[in-house]
Amino acid sequence: MIFRSLRLCLVFLLSSFTFLALVQAQATSSAAQNAAGTTAAPAYKSTSLLVDQRVQDLLKRMTLEEKATMLSGSGWMESAPIVRLGIPAIKMADGPMGVRSWAGSSAITNASSNPVRVETTSFPSGVAMAATWDTALVQREGQAIAQEVKALGRDMILGPTVNINRVPLWGRNFEGYGEDPYLSGQLGVAYIRGVQGEGVIPSVKHFAANNEEFERHRLDETIDERTLHEIYLPAFKAAVQQADVWTVMSAYEKVNGTYCAENPYLLTDILKKEFGFKGFVVSDWGSTYSTAPTVNAGMDLEMPGGPPAKVMLARPQTIMSGNSGLWLEANKVLADVKAGKITEATIDDNVGRILRVIMLSGIMDSPRTALGEVDTPEQQKVARDGATEGIVLLKNQNNLLPLDPSKIHSIAVIGPNALVARTGGGGSSLVRPKYAVSPLQGIQKRAGSGIQITPALGVGMDGEDPAHDTPEARANDLKAAADAAAKADVAIVVVGRYNKNESEGFDVKTMDLPAGQDELIAAVEKANPRTVVVLNTGDPVTMTKWLDTTPALLDMWYGGQEGGNALAAILFGDANPSGKLPVSLPKKFEDSPAAKNYPGQDLKVHYAEGIYVGYRYYDTKNVEPQFPFGFGLSYTTFEYSDLSVIPFVTHSGTVKSEGTLVTVKVKNSGSRAGAEVVQLYVHDDHAKIDRPAHELKAFKRVELKPGESQTIKFSLDKSAYEYWSPDTKQWTLAPGTFEIQVGASSRDIRLKAPLQVMR
């Protein structure tokens with residue numbers, strides 16, 4: 001009885017405490033409601049909470065059906081909203097060289113009949129921005145693009161592209177940042193920081209090893225782990241670990257037998273676990289081929305979705321190309337959950353990642369509307385600065401450049417790319433600007449009325465206008481160009497490709513210039529020995545037919561809408577060329593390290609060259625390129641001196657970090673102000689594993705007045721000396737003596753110093 005009485009008393013006391021607690025909670029809640037005049041907002045809407053707390057609260061309130069709905073898009077460029085809970089759709093736009101119309105595929109939006117015309121700033125191509133080696137400028141570009149995204153009421157830009165230039169014929173080489181993983185990574189990080197700093201969502205792409213357009217929906221790439229980790233993954237790793245990028249886009253092709261969109265090794269083991277990626281993975285458009293394998297591999301959002309996806313997938317051209325999609329529709333996902341093929345915990349992780357980005361970007365709390373201005377003077381300046389800094393002076397015999405307006409009375413401006421502004425390559429990155437300055441227009445504006453400018457086509461762009469492709473028309477155009485050149489003080493020939501023969505969706509057929517352009521250069525140079533050749537293209541081209549007789553050569557890449565003004569500024573010396581090649585330019589395609597393993601056979605390609613991509617191959621195997629990686633001339637000269645290499649140790653609490661401080665003095669020894677890109681390479685010849693002759697590990701662009709000197713500082717950590725070990729499957733440092741090399745290109749090493757590195 002005593003124990004029973006005690007038990008009843010205890011129950012009574014606990015009940016009393018519970019009742020009092022409920023009364024107190026109800027009173028607090030009533031007070032809050034009375035004060036606010038409405039029901040208290042759910043926790044996930046509170047911006048005072050941590051993002052992860054908000055996400056977890058929101059996930060608990062969602063039904064399984066709502067979660068499944070978020071795994072596939074609701075339209076061509078929109079994710080699925082959950083209206084009941086106030087979860088907005090993510091409104092996307094193509095990039096990365098500006099904001100492109102989101103109304104449909106590039107085939108639709110690039111057509112002249114497109115009813116939805118979106119005109120924005122056309123920034124220089126990725127390879128042109130890479131040629132600046134200017135991370136601050138690339139960050140400004142990312143910021144400017146993000147501002148235009150917001151002004152148009154969108155939330156996400158599909159860029160940057162950080163895929164490596166493995167083969168000179170890849171149709172999208174113009175989009176990326178060249179051949180080196182470190183350079184690509186640092187520029188990608190800068191772009192991402194610029195975009196995310198404006199609260200806009202970037203999507204670094206294409207993960208991973210998207211290096212040719214040939215059969216990209218069916219191609220199976222065989223790539224060993226070391227090559228993946230050392231060449232094709234570092235730029236993505238930098239995007240995740242240095243920029244905390246919010247989204248990553250998967251690639252179309254298969255890697256080692258499995259489509260990238262359903263590749264657990266890439267998406268989960270490497271990206272999410274090894275790199276620590278916290279954002280969401282979005283599929284490239286029409287690149288999913290299954291439901292459970294795709295979801296379980298780590299794909300978070302399939303694009304596109306809804307009616308636009310159904311229309312796309314029904315087109316004969318889509319079926320023929322190998323696209324696939326709509327595998328992550330809610331009904332299919334729910335069926336696989338019911339069948340035990342997908343767990344709800346997996347769905348929670350997928351959706352939680354999407355919600356995290358929605359909250360980080362601010363669109364959960366402040367949805368965007370199209371109220372801003374695009375193509376502002378400030379944004380135009382960023383485009384012009386990028387186009388100018390990206391121009392590379394490859395040859396300048398007898399200082400033909402810069403042109404002196406006081407000594408020149410006439411200029412012939414010739415070529416299929418001289419009279420028209422070729423702003424970028426084709427495909428999903430092609431931006432429609434409000435205006436675009438052609439080389440002819442830029443030169444005319446800069447020359448003014450005191451210099452006679454004579455334009456001449458010279459040769460039609462192959463396939464662009466049939467009227468100029470006949471033998472008679474070609475002969476007439478060529479004669480007119482030669483006559484104009486003969487009468488001028490200087491001839492400027494602008495050659496290259498355009499968005500119909502260099503584009504996403506197919507690879508360039510040959511490194512040779514389009515039909516008739518080599519002959520045009522030869523004819524103009526014969527008529528006028530004072531000829532400047534300008535390359536206006538995103539891929540390397542064969543130059544052996546005319547280079548020896550060419551006194552001056554510039555590479556302007558695709559310069560965006562300000563390309564013509566930028567070219568004029570370089571030609572007349574208003575700007576000093578400072579661009580450096582982000583890619584080696586081979587003499588011929590057969591010299592390329594991937595030439596023997598491209599495009600592959602039976603829909604399989606073996607990356608047999610391994611880590612020897614670009615200068616790693618040319619400099620190690622002693623194959624002379626036409627122009628080496630990192631090369632670029634100036635109208636001034638620079639001297640390097642006082643190289644110092646000092647090991648250091650830092651302590652942060654109980655953590656000890658070892659590194660290397662490298663300093664070098666650079667002096668402008670010429671008579672013009674200019675900018676030099678100081679490049680640091682590391683050489684390792686003692687490791688037991690085969691390593692390249694050297695690898696880029698740091699760089700810095702510095703502007704100097706005539707006679708001015710500056711000491712450049714680099715800080716290297718142990719990763720600068722490591723390689724990926726196939727045996728241990730981790731980054732490994734082989735202790736011993738390394739060589740620090742500092743120079744102006746991969747083949748112009750000015751100073752060297754030994755460095756002893758221990759574990």
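**Rings, burial and charges: how the calls are made**

Colleague: What makes you put Y615 and Y681 in one burial class?

Modeller: Y615 is buried, and Y681 is buried too. Buried means under 20% relative accessible area, exposed over 50%, and partly exposed in between (1.4 Å probe, protein chains only). Bear in mind that this is a predicted model, where local features need pLDDT of at least 70, side-chain atom pairs count only at pLDDT 80 or more, and totals for chains, interfaces and linings use all residues. Residues are numbered from 1 along each chain as its sequence is written, and side-chain values use heavy atoms, leaving out hydrogens and water.

Colleague: Why is Y259 called buried?

Modeller: Its relative accessibility is 13%, and the cut-off is under 20%, so Y259 counts as buried.

Colleague: How many aromatic pairs are there in the whole structure, and why is Y259 with Y289 called stacked?

Modeller: The search finds 14. Rings of Phe, Tyr and Trp (its six-membered ring) pair if their centres lie within 6.5 Å; planes under 30 degrees apart are stacked, over 60 edge-to-face, the rest tilted. Y259 and Y289 have centres 3.9 Å apart and planes at 10 degrees, so they are stacked.

Colleague: And what makes Y615 and Y681 edge-to-face?

Modeller: Their planes stand at 85 degrees, with 5.9 Å centre to centre. Ring pairs also link both into a cluster with W133, Y182, F629 and F699.

Colleague: How do you know that the charge of R166 sits over the ring of Y607?

Modeller: The rule wants NZ of Lys or CZ of Arg within 6 Å of the ring centre and within 35 degrees of the ring normal. The charged end of R166 is 3.8 Å from the centre.
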